[in-house]
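Visitor: Could you take me through this structure? I would like to begin with strand pairing.

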Amino acid sequence: VMEDPEAPHHMLLLRNFMAQGLVHNQPLLYASPAKEPKGFLGTLPNPISPKDEKPRDHATQQDKGLRIAWQYKKYFGENQEGHDSRDAKHEYCNDFDLRKPLERQFLGGKNIDCISTINLTLDTLRERCFSFLVQNARNNSAMSCAGRIAIQSFCAPQCAYFDKDWGMLAFIKSLKGMVRASNAVAIITVPHTLLSPSFSKRWQHLADTLLSVKAIPDEDKELAKLLTGYQEMVGLLSIHKVARINTQVPLVLEASTFSIKLHKRRSLVLECLNQAPIDGSTGASYGTSGSCSASTKQGVLDF
Amino acid sequence: SSVVLIEDCVETSGAFVIHHILKRALSPPSSSAVVLVSLSHPFSHYDRILRKLGCNLTAHRDNQRFFFFDMLMVDFAGQGDGNHSKGVLIELYAKIQKLVEDISSSCGSSKRITIILDDFSLIEVAANGSLNHSLDFLRYCYTLTSEFGCSLVILHHEDIYSAAESAALILQMEYLASVLIKAEPLATGLAADVHGQ
């Protein structure tokens with residue numbers, strides 16, 4: 001993830017990535033150029049409680065149509081009749097409430113490792129990643145075996161290895177190899193403006209999936225006219241490359257730019273920004289307004 | 001005994017050309033042996049892609065027609081140690097040369113050998129950025145084309161050089177190449193069914 005020096009939107013992505021891992025009891029390795037990286041865990045968002053989202057009646061109405069499926073659910077032992085939905089296991093949670101910190105129960109696991117990259121050598125970081133992945137591989141449980149590595153601002157100037165351009169590339173190559181051989185995903189955020197253009201390109205080539213985030217200026221009247229929901233937008237997310245593992249067919253996305261919105265200041269939402277022409281009469285972009293649009297698909301992507 | 005250079009960029013990957021050449025070299029009427037030196041992907045990646053193209057890399061590997069050098073998992077912890085980084089490339093070249101010698105001596109001079117390198121920017125990482133070590137490796141691989149009649153196919157990125165002096169490596173490669181293939185994005189921008197040119 002290529003960071004924007006003007007705004008810390010990459011942190012929104014990191015928080016979501018890390019919270020999602022912890023909620024699903026997946027091992028997490030977090031490295032950052034802070035003295036106490038563990039403190040960052042306190043800023044992770046909590047899953048949105050279903051009670052906040054829909055009223056109780058709505059839930060039971062939905063279940064009515066699932067009569068047979070519901071019967072099978074009974075036998076799995078987890079869903080007893082009439083139990084409080086708050087106790088239900090959070091399965092595949094994608095919705096987080098940015099106003100509420102992650103509950104302590106998710107932070108107590110043994111599978112969380114935090115490292116400060118300030119006085120760290122690349123060799124040590126590599127070893128920590130390696131032992132994290134090896135340890136993770138021994139775990140047999142289906143959902144928790146997917147390990148997550150989050151490295152924030154990898155080439156930040158505070159890091160001892162900051163001047164080792166080639167060493168950092170060698171590290172990323174090593175990490176790629178290790179992650180490919182395991183059930184893990186690694187997200188590295190990079191203040192890429194600190195790198196020379198040629199090294200920045202080398203980093204971009206190394207990425208399997210390449211994203212960048214950009215800030216949107218506040219109170220920009222021109223943009224406000226072009227984009228609906230401008231007030232809620234904090235930034236833009238661009239997708240430059242998508243991982244093509246085991247295939248040679250490139251993925252050309254219908255939309256490669258998304259607006260990053262904070263819906264009701266609570267949830268992170270990504271919305272496609274289509275390259276559709278502007279509707280002269282309303283001033284709204286075809287893509288976000290839903291009126292006759294050049295693109296076939298437009299919708300809200302919950303991140 | 002030609003040198004094929006494939007140049008690509010972040011926007012458009014040239015890896016598909018390697019897959020195409022792999023398939024051509026391993027399918028009839030060709031009887032050549034192929035040596036794939038991969039610093040980018042594990043064997044399984046190429047195996048799955050080539051299967052979809054109707055070529056069984058695993059079988060060819062078992063039949064001693066396809067040889068895979070897994071350099072992805074090799075640690076290039078050169079960090080400033082010039083001798084260590086030189087050592088990695090010397091060792092790699094020695095292995096390639098030994099293999100080529102073995103194939104040539106057991107099958108005779110009629111056996112065509114194609115050496116594929118994916119990709120050269122990671123050779124530069126292995127060399128810890130040393131232009132000299134990277135050039136040495138390139139030139140030594142080039143000698144295999146004249147000494148053993150091998151073909152050399154190299155994938156490299158053309159957008160990783162900004163200053164004129166650091167482009168020396170890619171200029172050397174372009175000079176040595178008999179065929180230069182460039183993969184680029186379309187000048188007109190993104191399209192749904194055309195991925196580049």
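Visitor: How many bridges join β1(B) to strand β5 of chain B?
Guide: In this predicted model, 6 bridges join β1(B) to β5 (residues 151-157) of chain B, and the two strands run parallel. Two strands count as paired if DSSP finds at least two bridges between them. Helices (H or I, at least four residues) and strands (E, at least two) are DSSP runs, numbered from the N terminus.

Visitor: And which residue is the bridge partner of B:Asp8 in β5(B)?
Guide: That partner is B:His157. β1(B) is also joined to strand β6 (residues 179-182) of chain B by 4 bridges, again in parallel; there, B:Glu7 has B:Lys182 as its bridge partner.

Visitor: Is β1(B) mostly covered or uncovered?
Guide: Strand β1 (residues 3-8) of chain B is mostly covered, with 6 of its 6 residues buried. Buried means under 20% relative accessible area, exposed over 50%, and partly exposed in between (1.4 Å probe, protein chains only).

Visitor: Which residues point which way from β1(B)?
Guide: B:Val3, B:Leu5 and B:Glu7 point one way, while B:Val4, B:Ile6 and B:Asp8 point the other way, and all are buried. In a regular strand the side chains alternate between the two faces of the sheet.

Visitor: A word on conventions, please.
Guide: Residues are numbered from 1 along each chain as its sequence is written, and chains are lettered from A and ligands numbered from 1 in the order in which they are written. Local features need pLDDT of at least 70, side-chain atom pairs count only at pLDDT 80 or more, and totals for chains, interfaces and linings use all residues, while side-chain values use heavy atoms, with hydrogens and water left out.

Visitor: Turning to chain A, in what order do the strands of the open sheet come?
Guide: The 4 strands follow the order β4-β1-β5-β6, with parallel pairing. At the edges are β4 (112-116) and β6 (184-188) of chain A, each pairing on one side only. On average, neighbouring strands of this sheet are turned by 10° against each other, direction ignored. Axes are lines fitted to C-alpha atoms, for helices over the stretch in contact, and angles run from 0 to 180 degrees between N-to-C directions.

Visitor: Which strands does helix α6 of chain A lie across?
Guide: Helix α6 (residues 122-137) lies across β1, β4, β5 and β6 of chain A, running at about 160° to β5(A). Helix α7 (residues 165-180) of chain A packs on the sheet as well, touching β5 and β6, and its direction makes about 155° with that of β6(A). Contact means heavy atoms within 4.5 Å.

Visitor: How many salt bridges are there over all chains?
Guide: The count is 12, where a salt bridge is a side-chain nitrogen of Lys or Arg within 4 Å of a carboxyl oxygen of Asp or Glu. One of them joins A:Arg126 to A:Asp123, with the closest N and O atoms 2.7 Å apart.

Visitor: Why are A:Arg126 and A:Asp123 separated by about one helical turn?
Guide: Because they are 3 residues apart in helix α6 of chain A. A:Arg126 is buried at 8% relative accessibility, whereas A:Asp123 is partly exposed at 33%.

Visitor: Which residue of chain B forms a salt bridge with A:Arg202?
Guide: B:Glu124 does, at 3.1 Å between the closest N and O atoms. This pair crosses between chains, from helix α8 of chain A to helix α5 (residues 120-126) of chain B. Both A:Arg202 and B:Glu124 are buried.
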